[in-house]
Amino acid sequence: MQSILKKQSLILTLLITGFVTLESNAQIQEIDSLENLLRQHVQKDTIRVNLLNETAYKFYTINIDKTLKYAEEAEKLADKLSFAKGKAESLKLIGIYYYMKSDYPKALEYYKKALKIAEGLGDKSGISKCLNNIGVVYKFQGDYPKALGYYQKSLKIAEGLGDKSGISKCFNNIGVIYKYQGDYPKALEYCQKSLKIAEGLGDKSGISQFFNNVGVIYEYQGDYPKALEYYQKSLKMKEGLGDKNGISKSYGNIGNIYKNQGDYPKALEYFKKALKISIETGNKSIETGCYIELGLLYLKQKKTKEAHNYSKKAYIMAEEIGVAKFLKESSEILAKSSESLGLYKEAYKYYVVFKTMNDSLYNEERIKKIASLEYQYKYEKEKQVIELEQQKKDAVRAEEEKQQKTIKNLFIVGFILMALLVLVMLRGFLQKRKANLILSTQKEEIEKQNIEIQNQAEELETKNKKLKELNATKDKFFSIIAHDLKSPFNTLLGFSNLLLKKHKNFDEGQQEKYLKIIDDSLIKAYKLLENLLTWSQSQTGRIKFSPVKTNIKTLINEIILLLTEATRNKNIKLLVNIENNLFVYADKNMIGTVIRNLISNAIKFTPKDGEISINARLTPGENEQNFTQISVKDNGVGIEKEIQTKLFNISKNTSTKGTEDEAGTGLGLILCKEFVEKHGGKIWVKSETGKGSSFFFTIPFKPINSDNNRKTR
């Protein structure tokens with residue numbers, strides 16, 4: 001089980017390392033790309049200045065010495081070109097170099113030069129960044145009130161610009177100041193504000209800085225497990241960003257936690273990691289600090305030789321970079337380790353240095369505290385002066401407002417009096433106008449009523465006309481039905497009566513002949529009644545319109561099966577030219593009725609041994625709507641021009657006999673028209689006497705709402 005867990009842990013570590021390596025490689029590739037651009041762009045212009053500054057900035061977390069190299073070249077070229085903005089940026093980057101080297105006076109000098117140029121350009125973003133950088137230097141010098149003042153100025157400008165990244169950095173730095181002043185709740189409050197913005201921007205650098213600062217707060221409070229948790233979070237993000245200086249600092253912070261917890265081997269491990277990276281990046285400040293911590297850890301473990309070696313390296317580097325704090329700490333370890341090694345003369349020498357530096361730093365600290373108090377006093381005094389000035393301004397403003405109020409009141413009284421006078425004058429005018437308006441309104445109402453009466457009369461006339469047309473249609477319809485329905489029933493009555501009375505006198509052949517006549521008459525009567533019933537249901541709205549996706553070829557084949565007997569009797573050939581996968585959205589019963597009627601008519605008017613073809617194809621329509629066009633073509637007797645215009649009109653009797661004297665009513669085509677139009681389609685005919693007829697109708701390819709196409713009756 002332990003073996004499996006170890007393997008899983010190893011795989012997870014390799015994955016994380018892989019992701020970190022990818023991000024680091026991306027950063028290195030970006031720097032390589034910038035350096036290639038610099039090699040290609042040798043022209044001494046503002047583009048090169050910007051490239052130099054961007055390259056210098058990319059190097060500051062990896063190799064601070066290269067930052068200085070590129071920034072100084074940019075500063076010289078910008079000065080030569082009188083490119084103020086480029087020069088301000090390069091001065092700021094040189095300031096960052098000296099800040100990283102712990103040369104705070106030099107860093108301040110360059111930051112203030114950059115600030116002056118930014119102010120001259122009116123570059124508010126640049127001003128905000130310079131103020132923030134100056135605040136950072138004062139923070140490391142221990143002048144917290146002054147640092148806080150610069151951060152607040154920077155924050156105000158960043159808020160005015162809506163610069164969320166700048167606001168986040170200021171919140172973070174203000175939180176650090178409160179941390180150093182021991183106000184941990186306030187420190188956490190500002191750090192949380194910074195984190196919220198950094199997360200919104202996806203600013204990994206800002207988030208990692210938040211984790212680091214919260215770790216420091218917990219460390220100051222003595223909560224080492226919590227501090228360690230946040231340092232490790234910060235380290236993970238710094239590794240992802242490839243920020244070597246940040247990684248080195250995180251290792252140092254984690255080492256410090258293990259040192260405070262008494263876990264010296266673990267502390268040594270992390271300080272050695274921090275030392276290795278600081279040597280790679282050339283960050284002598286972090287390198288010196290690591291030597292001091294390693295010397296102190298070996299001294300605590302009674303390993304005096306190692307303690308002496310590391311503290312000696314620290315002392316030499318402290319002299320080189322001129323940091324008094326490092327000289328004090330390294331000389332103290334050197335004095336103690338030299339004494340343990342029996343090097344008393346050397347021990348005395350370093351003890352004197354330690355004592356001197358300690359007293360000097362103590363005095364410097366006292367001076368700083370006094371200066372801090374003086375600054376705080378000045379700050380409070382200036383604040384009081386500003387408040388008094390504001391009170392005076394408020395008093396003057398209140399007096400001015402009082403006078404303005406009096407003038408305003410007098411103006412209002414005068415205005416009211418004038419308004420009353422105007423109202424009295426207007427009253428008479430308005431009364432007269434009101435009377436005119438009443439008369440005008442009454443006149444308009446009378447005219448309106450006349451128009452309404454006229455419209456009603458026209459509407460009544462239209463309705464009467466329609467009623468007459470409907471009555472005429474009804475009369476024509478019943479005339480057709482009375483004539484065509486009466487004929488088959490006369491035949492039925494005649495032959496049935498004949499068979500009933502004289503069936504004994506007829507042989508089987510004659511009986512079969514008369515029964516066939518009766519059967520044909522019954523079929524015709526049934527078809528007529530069926531069409532009549534369907535038409536009646538359509539007119540009264542009792543047929544439900546239910547369109548579904550239907551395979552048109554399958555539907556036509558089903559109908560042809562029902563008409564097999566009729567085609568066989570006349571030896572008519574039916575040809576179906578339709579693709580297998582052609583679908584329509586239609587009410588299957590309605591469209592079936594249309595197709596059945598059209599094929600039946602074609603059979604009726606096609607002579608024996610004739611031919612009927614049924615075709616269907618897609619055809620474009622209006623408003624991006626496609627249609628399926630279906631046609632039934634025969635080579636029968638054809639239709640005269642005069643009759644073609646009456647085929648789909650119920651008020652015209654167009655019934656004719658077929659090639660075998662088949663009777664009809666003309667009602668089938670009326671139903672076809674009704675059902676096709678219900679689908680939003682059209683039906684028409686093309687015919688020439690003696691050459692046959694072609695009936696066409698269309699159905700929309702997509703479903704439609706039948707209510708839009710339903711006729712009002």
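Reader: How do you know at what angle helix α12 and helix α13 pack?

Author: Helix α12 (residues 244-260) packs against helix α13 (residues 264-281) at an angle of about 160 degrees, and their axes are 8 Å apart. Axes are lines fitted to C-alpha atoms, for helices over the stretch in contact, and angles run from 0 to 180 degrees between N-to-C directions. Angles under 35 degrees count as roughly parallel, over 145 as roughly antiparallel, 65 to 115 as roughly perpendicular and the rest as oblique; α12 is therefore roughly antiparallel to α13. The model is a predicted one, in which local features need pLDDT of at least 70 and side-chain atom pairs pLDDT 80 or more, while totals for chains, interfaces and linings use all residues. Residues are numbered from 1 along each chain as its sequence is written, and side-chain values use heavy atoms, without hydrogens and water.

Reader: What makes the crossing of α12 and α13 left-handed?

Author: A crossing has this name if the near helix is turned anticlockwise from the far one by less than a right angle, and is right-handed if clockwise. The passage of α12 over α13 is of the left-handed kind.

Reader: Which residues make the contact of α12 with α13?

Author: Contact means heavy atoms within 4.5 Å. Among the residues involved are Ile247 and Tyr251 of α12 and Tyr270 and Phe271 of α13. The contact residues comprise 10 nonpolar, seven polar and five charged. Ala, Val, Leu, Ile, Met, Phe, Trp, Tyr, Cys and Pro count as nonpolar, Asp, Glu, Lys and Arg as charged, and the others, Gly among them, as polar.

Reader: Why are α7 and α8 called roughly antiparallel?

Author: Helix α7 (residues 144-161) and helix α8 (residues 164-180) cross at roughly 160 degrees, their axes coming within 9 Å. The pair is therefore roughly antiparallel. Here 13 of the contact residues are nonpolar, four polar and one charged.

Reader: What makes β2 and β6 edge strands?

Author: The open sheet has five strands in the order β2-β4-β5-β7-β6, with mixed pairing. Strands β2 (573-577) and β6 (683-688) each pair on one side only. Two strands pair if DSSP finds at least two bridges between them; β4 (residues 611-620) and β5 (residues 626-634), which run antiparallel, are joined by nine. Helices (H or I, at least four residues) and strands (E, at least two) are DSSP runs, numbered from the N terminus.

Reader: How many residues of the protein chain are there, and what share counts as buried?

Author: Of 713 residues, 40% count as buried, a term for under 20% relative accessible area, with exposed over 50% and partly exposed in between (1.4 Å probe, protein chains only).
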